[in-house]
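Subject: Handing over the model

Hi,

Here is the structure I promised to pass on.

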Amino acid sequence: MNNSIENKESLITWSTNKIGFVGLGEMGLPMALNLQKSGFQVYAYDINKGIYEKLQQQGIICCGSIKEVAENSDHAVISIVRTVAQTESVIFGEDGIASADKQGLAIIVMSTLDPSTMKELEEKVEDKGFHLIDAPVSGGLSGAQAATLSIMTAGKEEVVQTCMPYFQAMGKNIFSFGNQCGQAQVAKLSNNLVLGINIIGITEALKFGRKNGLPADEILKLLSVSTGDSWVVDNWDEVKDWQPNATLGAVYKDLTAVMKECTKKQLSLPFGGLALHVLIDSMSAMNRDFDM
């Protein structure tokens, strides 16, 4: 489902609503700021309290617990943390979302997990009287900052539609993948499967060129106007700085989830398996080449 004038109008009518936000990392921080800039009152929580002062200067209300975030939210709480364990803690922890007396609240998981986990989370969340929306994102840091993210959604249609104004404030392209949580994760993992393979292709092309006396920037110029063009090429300055313990590690985690699903479904994806095996080594080698 792409943006529409109707959805833009609904964003205006919702501009005074209070939205909860948990996870103010590299992606979450600019996403929360874009919600605040769009007129929503954001109640936020992160384990790193060092960023609270900056957020408060932007009008975001920083909370002492996730439960407090949920209690102050009108319709939904967004969670964008890294792992399954962290997501479960955000929702079901001692002071998590589900501990608040806010039954009917939508919990929007914008992390990239795996389809099976999302289906299990949906059952547990519904049992607690809440709703779950599966809504991973793509577009990188630049997309999060510019509010041009692609957002993939799955969950009960009426709940997803109710939360559309939030998505409109953070992204440019909103897609619906049905009523079952987990399907948006399938879409996101499909995207990141291509991303991971593409990263390796670019690093190997640059290594090949360098070994034969061609500078990386010239190869990238060629690729950007030729059949080898891609998002990775166009954003190489961002991609080449990805670190194994940060964004690159997240891509690696996603490829691991892809191969886990392949095992369950008895599906062979040889390029995906190869990408998982060599991704971090390939990027590390490329960065070493640049440092030489």
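Predicted model: local features only at pLDDT ≥ 70, side-chain atom pairs only at ≥ 80, totals over all residues.

Residues are numbered from 1 along each chain as its sequence is written, and side-chain values use heavy atoms, with hydrogens and water left out.

Let me start with the helix pairs. Helices (H or I, at least four residues) and strands (E, at least two) are DSSP runs, numbered from the N terminus. Axes are lines fitted to C-alpha atoms, for helices over the stretch in contact, and angles run from 0 to 180 degrees between N-to-C directions. Angles under 35 degrees count as roughly parallel, over 145 as roughly antiparallel, 65 to 115 as roughly perpendicular and the rest as oblique.

H5 (residues 84–92) packs on H6 (residues 115–127) at an angle of about 10°, and their axes are 12 Å apart. These two helices are therefore roughly parallel to each other. On the H5 side the contact (heavy atoms within 4.5 Å) is made by Val84, Thr87, Glu88, Ile91 and Phe92, and on the H6 side by Thr117, Leu121, Lys124 and Val125. Sorted by class, that contact has 5 nonpolar, 2 polar and 2 charged residues; here Ala, Val, Leu, Ile, Met, Phe, Trp, Tyr, Cys and Pro count as nonpolar, Asp, Glu, Lys and Arg as charged, and the others, Gly among them, as polar.

H10 (residues 183–211) and H11 (residues 216–224) pack at an angle of about 130°, with axes 9 Å apart, and are therefore oblique to each other. Where they touch, Ile202, Leu206 and Gly209 of H10 meet Ala216, Ile219, Leu220 and Leu223 of H11. The residues of this contact divide into 6 nonpolar, 1 polar and no charged.

Next, burial. Buried means under 20% relative accessible area, exposed over 50%, and partly exposed in between (1.4 Å probe, protein chains only). In H2 (residues 28–37), 9 of the 10 residues are buried, so this helix is largely enclosed by the rest of the structure. Among them are Leu29, Pro30, Met31 and Asn34. Just after H2, Gly39 takes a positive phi of about 110°.

Val159, in helix H8 (residues 157–162), is also buried, with a relative accessible area of 10%. Leaving aside neighbours within four places in sequence, Val159 is in contact with Ala106, His131 and Ile133.

What about the cysteines? A search of the whole structure finds 0 disulfides (pairs of cysteine sulfur atoms within 2.5 Å). For Cys63, the nearest cysteine sulfur is that of Cys62, 7.4 Å away, and Cys63 is buried at 1% relative accessible area. For Cys181, the nearest is that of Cys163, 11 Å away; Cys181 counts as buried at 0%.

Finally, two backbone points to look at. Most residues other than glycine have a negative phi. Ala147, in the loop between helix H7 (140–146) and strand E8 (149–153), has a positive phi near 60°. Gln266 has a positive phi of about 55° and lies in the loop between helix H14 (247–265) and helix H15 (270–291). Gln266 is exposed, with a relative accessible area of 77%.

Best wishes
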